Amino acid sequence: RSVYDDQPNAHQRFMEKLDACIRNHDREIEKMCNFHHQGFVDAITELLKVRADAEKLKVQVTDTNRRLQDAGKEVIAQTEEIIRCRVQQRNITTVVEKLQLCLPVLEMYSKLKEQMNVKRYYSALKTMEQLENLYLPRVSQYRFCQIMMENLPKLREEIKEISMSDLKDFLESIRKHSDRIGETAMKQAQQQKTFSTALQKQNNVNYGRHMHLGRSRILESKNEITLKRTFEEDDEHEEEVLTAQDLVDFSPVYRCLHIYSVLGDGEIFENYYRKQRRKQARLVLQPQSSMHETVEGYRRYFSQIVGFFVVEDHILHVTQGLVTRTYTDELWNMALSKIIAVLRTHSSYCSDPDLVLELKNLIVVFADTLQGYGFPVNRLFDLLFEIRDQYNETLLKKWSGLFRDIFEADNYSPIPVANEEEYKIVISKFPFQDPELDKQSFPKKLPMSQSVPQIYIQVKEFIYASLKFSESLHR
């Protein structure tokens with residue numbers, strides 16, 4: 001910058017000095033070039049010689065390269081084949097590893113399907129649980145696993161529906177077989193009572209004590225309706241009595257309970273079962289309109305009720321929580337009120353004392369049977385005392401007619417006896433004693449008409465008939 005700013009001619013002088021400096025440098029370059037010129041020429045000469053050799057070498061290299069390429073094509077092909085095989089081998093190894101993870105899942109799913117086909121639903125639920133918690137999480141990235149996961153809830157619902165259908169069939173089955181179950185239970189109770197009575201007569205022991213023992217024996221076997229053999233009068237023929245399990249397959253109830261418990265819906269199942277059984281109880285407790293006409297009508301009515309509560313007692317003792325003692329007691333109290341109301345109504349229509357007596361015997365067996373299963377029956381025996389009064393009324397009506405017939409047929413004349421035999425016949429019917437008459441010779445006349453011994457006989461029959469009702473009342 002000072003070259004332009006100091007003096008007017010400074011720029012000119014600087015340019016002159018610069019040119020002089022350039023000329024000096026050119027001279028030095030020329031000297032140096034002259035000094036090295038011969039070496040440069042020699043190098044060029046050598047380079048030209050090398051050029052020919054380079055051309056020859058290039059030809060050789062090109063030929064060698066060509067031959068190398070030709071020889072390497074086969075190696076390259078084999079190398080590519082090796083690479084491809086190694087890739088396949090790696091893929092196969094990977095596939096094997098993945099299949100080893102997937103095979104247990106597929107096997108478990110196949111096992112699940114087989115269990116569904118053979119109706120082993122509880123085992124199927126356990127298999128589903130293993131699939132969900134153990135096997136499927138390992139291979140959850142595959143689409144078929146997603147499909148399985150989506151199908152499992154559907155299979156659960158299917159199992160619930162099938163088990164519920166089985167339960168409905170079970171409820172229908174016990175509805176049909178309640179009368180036979182009840183009949184068997186009442187037959188057993190009657191046999192126990194007969195056995196206890198015979199034992200009491202044999203050992204001359206208090207009847208009430210043996211009835212207690214008899215009931216204890218019933219209580220011990222109450223889950224089985226157990227009397228396996230009924231001895232006939234000749235003690236030679238034996239008949240098997242079917243148990244509740246023989247008549248009804250209880251497995252649907254157990255299976256359904258287990259399934260719903262595993263699925264966490266045990267309370268729903270319990271509520272459904274109890275609701276349906278209450279409906280069936282109402283149907284069982286509904287008598288036929290003509291029930292009071294024959295003893296068979298009462299027997300069927302009692303058998304159905306006993307069968308219903310025997311089944312409930314069985315369910316109470318073989319399941320946990322499905323039926324509770326509180327529930328059965330509540331159901332029995334409801335049923336007992338209905339039974340007493342029905343018996344009061346229908347027994348009032350009955351005018352035949354023999355039918356009333358048979359009804360009493362049925363009620364006693366009915367009460368003994370249910371008492372053996374732990375149900376309180378005191379109200380039934382209280383009802384029997386009401387029926388006893390009605391029974392006595394029917395007896396009075398019947399015997400008033402008999403007395404009327406006797407009086408109408410009587411001639412009100414002394415009974416003539418021609419000899420000792422005729423006298424003994426009369427005395428055997430009516431224990432008449434008169435020393436004055438005994439002194440008289442035959443033929444003679446008794447100071448009474450035919451109606452007196454006949455009335456005496458009928459009064460005894462009336463007393464026997466009345467006492468029959470008081471038998472087995474446990475009071």
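I began with Trp399, which counts as buried because its relative accessibility is 8%, where buried means under 20% relative accessible area, exposed over 50% and partly exposed in between, with a 1.4 Å probe and protein chains only. Before going further I noted that this is a predicted model, in which local features need pLDDT of at least 70 and side-chain atom pairs count only at pLDDT 80 or more, while totals for chains, interfaces and linings use all residues. I also noted that residues are numbered from 1 along each chain as its sequence is written, and that side-chain values use heavy atoms, with hydrogens and water left out.

I then looked up Phe462, which is partly exposed, with a relative accessible area of 21%. A search of the whole structure gave me 13 aromatic pairs; rings of Phe, Tyr and Trp (its six-membered ring) pair if their centres lie within 6.5 Å, and planes under 30 degrees apart count as stacked, over 60 as edge-to-face and the rest as tilted. For Tyr301 and Phe302 I found ring centres 6.0 Å apart and planes at 50°, so this pair is tilted. Tyr301 is buried at a relative accessible area of 3%, and Phe302 is buried too, at 0%. Trp399 and Phe462 have ring centres 5.7 Å apart and planes at 80°, so their pair is edge-to-face. This pair links distant parts of the chain, since Trp399 belongs to helix α12 (residues 378–409) and Phe462 to helix α15 (residues 451–470), 63 residues apart. Helices (H or I, at least four residues) and strands (E, at least two) are DSSP runs, numbered from the N terminus.

I found one aromatic cluster formed by Phe308, Phe309, Trp332 and Phe375. The charged end of Arg325 sits over the ring of Phe375, 6.0 Å from its centre, and Arg274 lies over the face of Tyr327, 5.2 Å from the ring centre. The rule asks for NZ of Lys or CZ of Arg within 6 Å of the ring centre and within 35 degrees of the ring normal.

Helix α9 (residues 295–318) has 24 residues and reaches 34 Å from its first C-alpha to its last, close to the 34 Å expected at 1.5 Å a residue. I recorded 18 of the 24 residues of α9 as buried. In helix α4 (residues 143–203) I looked up Arg156, which is buried with a relative accessible area of 19%. Leaving aside residues up to four places away in sequence, Arg156 touches Leu125, Met128, Glu129, Glu132 and Leu263, a contact being heavy atoms within 4.5 Å.

How high is the average pLDDT of the protein? The average is 80, and 87% of the residues score at least 70, on the predictor's scale of confidence in each residue from 0 to 100. Over residues 207–240 the pLDDT is below 50, and beyond near neighbours in sequence this stretch has 66 contacts in the model. I reminded myself that where pLDDT is low, the predicted coordinates should not be read in detail.

Tyr412 has a positive phi of about 55° although it is not a glycine. Tyr412 is found in the loop between α12 and β3 (415–417), and Tyr412 is exposed, with a relative accessible area of 54%.

Note on methods:
Expected span 1.5 Å × (residues − 1).
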